[in-house]
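Please look through the sequence and the 3D view below before reading on.

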Amino acid sequence: MRYLMTTKATDNAAAPDEKLFAEMGAFVEELTASGVLLATGGLAPFGVRLISSGGEITVTDGPFTEAKEAVAGFALVEVRSEEEAVELARRFRRIVGDGESVIQQVFGP
């Protein structure tokens, strides 16, 4: 089962320290070596929105959400169950600290 794990931006003004980088690096390395982590990345705080209605397509430049609601990063993982995805997200949150993450199952081939 594949899951998309997203994390929202935080108001935390403190810059990441070396300990955070080391812990996150080890976590990513472990998941990559085990084949669980398929992709990961950060997202720009802006984008382009396309809306189609009645055959017309409207294109609008963003940002569209408040900074605290914007998705800041993602990880695509392949695990055996939702419980395993939740446990990975718990481990991630323990490393990065306070904030919000969302897990959604990915359907398709």
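Are H1 and H2 roughly parallel or roughly antiparallel to each other? In this predicted model, the axes of the two helices H1 and H2 come within 9 Å and cross at roughly 160°. Because angles over 145 degrees count as roughly antiparallel, H1 and H2 are roughly antiparallel to each other. The crossing in which H1 passes H2 is left-handed.

On the side of H1, the residues that take part in this meeting are Leu20, Glu23, Met24, Phe27, Glu30 and Leu31, while H2 brings Leu88, Arg91, Phe92, Ile95 and Val96. Sorted by kind, the residues of this contact divide into 8 nonpolar and 3 charged, with no polar residue among them.

**The core**

The largest nonpolar core of the model has 14 residues, and those with the most contacts inside it are Phe27, Leu31, Val36, Val77, Val79 and Leu88. Two or more residues of this core come from each of strand E1 (2–8), helix H1 (18–33), strand E5 (71–78) and helix H2 (82–96). Among these elements, H2 gives the most, with 4 residues.

Val36 has its own set of partners once its neighbours within four places in sequence are left aside: Val36 is then in contact with Leu31, Leu76, Val77, Glu78, Val79 and Leu88.

Leu31, which is found in helix H1, and Thr6, whose place is in strand E1, can be read side by side in the table.

| Residue | Relative accessible area | Contacts beyond four places in sequence |
|---|---|---|
| Leu31 | 7% | Val36, Leu37 and Leu88 |
| Thr6 | 15% | Val71, Gly73, Phe74, Glu100, Ser101 and Val102 |

Why does Leu31 count as buried? Buried means under 20% relative accessible area, and Leu31 is therefore buried, since its relative accessible area is 7%. By the same cut-off of 20%, Thr6 is buried because its relative accessible area is 15%.

How many residues apart in sequence are Leu31 and Thr60, and what is the distance between them in space? Leu31 and Thr60 are separated by 29 residues in sequence, and their C-alpha atoms are 37 Å apart in space.

Terms used: Residues numbered from 1 in each chain as written. Predicted model: local features only at pLDDT ≥ 70, side-chain atom pairs only at ≥ 80, totals over all residues. Heavy atoms only, no water. Core = buried A, V, L, I, M, F, W, Y, C linked by side-chain atoms within 4.5 Å. Buried < 20%, exposed > 50% of the residue type's maximum accessible area, 1.4 Å probe, protein only. Contact = heavy atoms within 4.5 Å. Axes fitted to C-alpha atoms, helices over the stretch in contact; angles between N-to-C directions. Parallel < 35°, antiparallel > 145°, perpendicular 65-115°, else oblique. Left-handed = near helix turned anticlockwise from the far one by under 90°. Nonpolar A, V, L, I, M, F, W, Y, C, P; charged D, E, K, R; others polar.
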